[in-house]
Amino acid sequence: MTATARTAPAASTVRRWSPAQKFAAVFGAVYLAVGVAGFVLTGFGDFAGHDHHTLVIFAVNPLHNVVHLVLALGWLVGAARHRTARMANLAMGVLLGLVTVLGAVGGLGMLGMSGLADPDNFLHLATATLALYFGSLAAGSPAERDSAEAPAL
């Protein structure tokens, strides 16, 4: 008679991720989807032109789509480890905060952002705030995550 050892199923890798990693993965996926949808809408012509298309209520052009894909790549690569996710969230938060300020003063017309009341500015401000939050206060830590999952003795 053979005895087989029963093993508990391994916990899902995503479930063990810190809040910083989960945020980076989700926002990376969202920005990836927005970048791809933007290219479906705009194509690749008139790359940085001032003729913008509208995706929902946001102005996009091919250059803006590339920026979304670069942000997505940064977040998705960063999501693999807690420390890199925190750094990615902080970097994206600072970058998007700067983009908000530049967009509000009309400094990013080549991306379709036309001033203070532009919907992109509000979206970038909200995203920057969340990214900074999940890169600092709500990032969590691997130690906290591991202790929360440890079985009680």
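Predicted model: local features only at pLDDT ≥ 70, side-chain atom pairs only at ≥ 80, totals over all residues.
**Whole chain**

Start with the whole protein in cartoon view. Its secondary structure amounts to 5 helices and 2 strands, and along the sequence these run in the pattern α-β-β-α-α-α-α. Of the 153 residues, 33% count as buried. Among the contacts with a sequence separation of 6 or more, 64% are between residues 24 or more positions apart.

**Helix α1**

Select residues 19-42, which make up helix α1. How far apart are the end C-alpha atoms of α1? They are 34 Å apart, which agrees with the 34 Å that 24 residues should span at 1.5 Å a residue.

Now colour the buried residues of α1: Ala-20, Gln-21, Phe-23, Ala-24, Ala-25, Phe-27, Gly-28, Tyr-31, Gly-35, Gly-38, Phe-39 and Thr-42. When reading that list, keep the helix geometry in mind. An α-helix has 3.6 residues a turn, so residues three or four places apart point the same way.

Step past the end of the helix to Gly-43, which follows α1 and has a positive phi, near 70°.

**Aromatic pairs around Trp-75**

Show the side chains of Phe, Tyr and Trp. A search of the whole structure gives 7 aromatic pairs. Select Phe-23 and Trp-75 for one of them: this pair is edge-to-face, with 6.0 Å from centre to centre and 80° between the planes. Phe-23 belongs to helix α1 and Trp-75 to helix α2 (residues 62-78), so the pair ties together parts that are 52 residues apart in sequence. Both Phe-23 and Trp-75 are buried.

Tyr-31 is buried, as is Trp-75.

Together with Phe-23, Tyr-31 and Trp-75 they form one aromatic cluster.

Next, show what surrounds Trp-75. Leaving out residues up to four places away in sequence, Trp-75 touches Phe-23, Ala-24, Phe-27, Gly-28, Tyr-31, Ala-88, Asn-89, Met-92, Leu-96, Thr-127 and Ala-131.

**The nonpolar core**

Which residues have the most contacts inside the largest nonpolar core? They are Phe-23, Ala-24, Phe-27, Tyr-31, Leu-71, Trp-75 and Leu-96, in a core of 17 residues. Helices α1, α2, α3 and α4 (119-135) each supply at least two residues of this core. The most come from α1, which gives 6 residues.

**Helix α3**

Select residues 82-104. This is helix α3, with 23 residues; from first C-alpha to last it reaches 32 Å, close to the 33 Å expected at 1.5 Å a residue. Its buried residues are His-82, Ala-85, Ala-88, Asn-89, Met-92, Gly-93, Leu-96, Val-99, Thr-100 and Gly-103. After α3, look at Gly-106, where phi is positive, near 80°.

With a relative accessible area of 11%, Thr-42 is buried because it falls under 20%. Its side chain makes a polar contact with the side chain of Asn-65, at 2.9 Å. Neighbours within four places aside, Thr-42 is in contact with His-53, Val-60, Asn-61, Pro-62 and Asn-65.

From there move to Pro-62, in helix α2. Pro-62 has 2% relative accessibility and counts as buried. Beyond four places in sequence, Pro-62 touches Phe-39, Thr-42, Gly-43, Phe-44, Gly-45, Asp-46 and Phe-47. Draw a distance from Pro-62 to Gly-38: the two are 24 residues apart along the chain, and their C-alpha atoms are separated by 7.3 Å.

**Last stop: His-52**

Select His-52, in the loop between α1 and β1 (53-55). Is His-52 buried or partly exposed? His-52 is partly exposed, with a relative accessible area of 24%. From C-alpha to C-alpha, His-52 and Pro-62 are 8.9 Å apart in space, and 10 residues apart in sequence.

Conventions. Residues numbered from 1 in each chain as written. Heavy atoms only, no water. Phe/Tyr/Trp six-rings, centres within 6.5 Å; stacked < 30°, edge-to-face > 60°. Helix = DSSP H or I, 4+ residues; strand = E, 2+ residues; numbered from the N terminus. Buried < 20%, exposed > 50% of the residue type's maximum accessible area, 1.4 Å probe, protein only. Expected span 1.5 Å × (residues − 1). Core = buried A, V, L, I, M, F, W, Y, C linked by side-chain atoms within 4.5 Å. Contact = heavy atoms within 4.5 Å. Polar contact = N/O pair within 3.5 Å; in protein donor to acceptor, adjacent residues only side chain to side chain.
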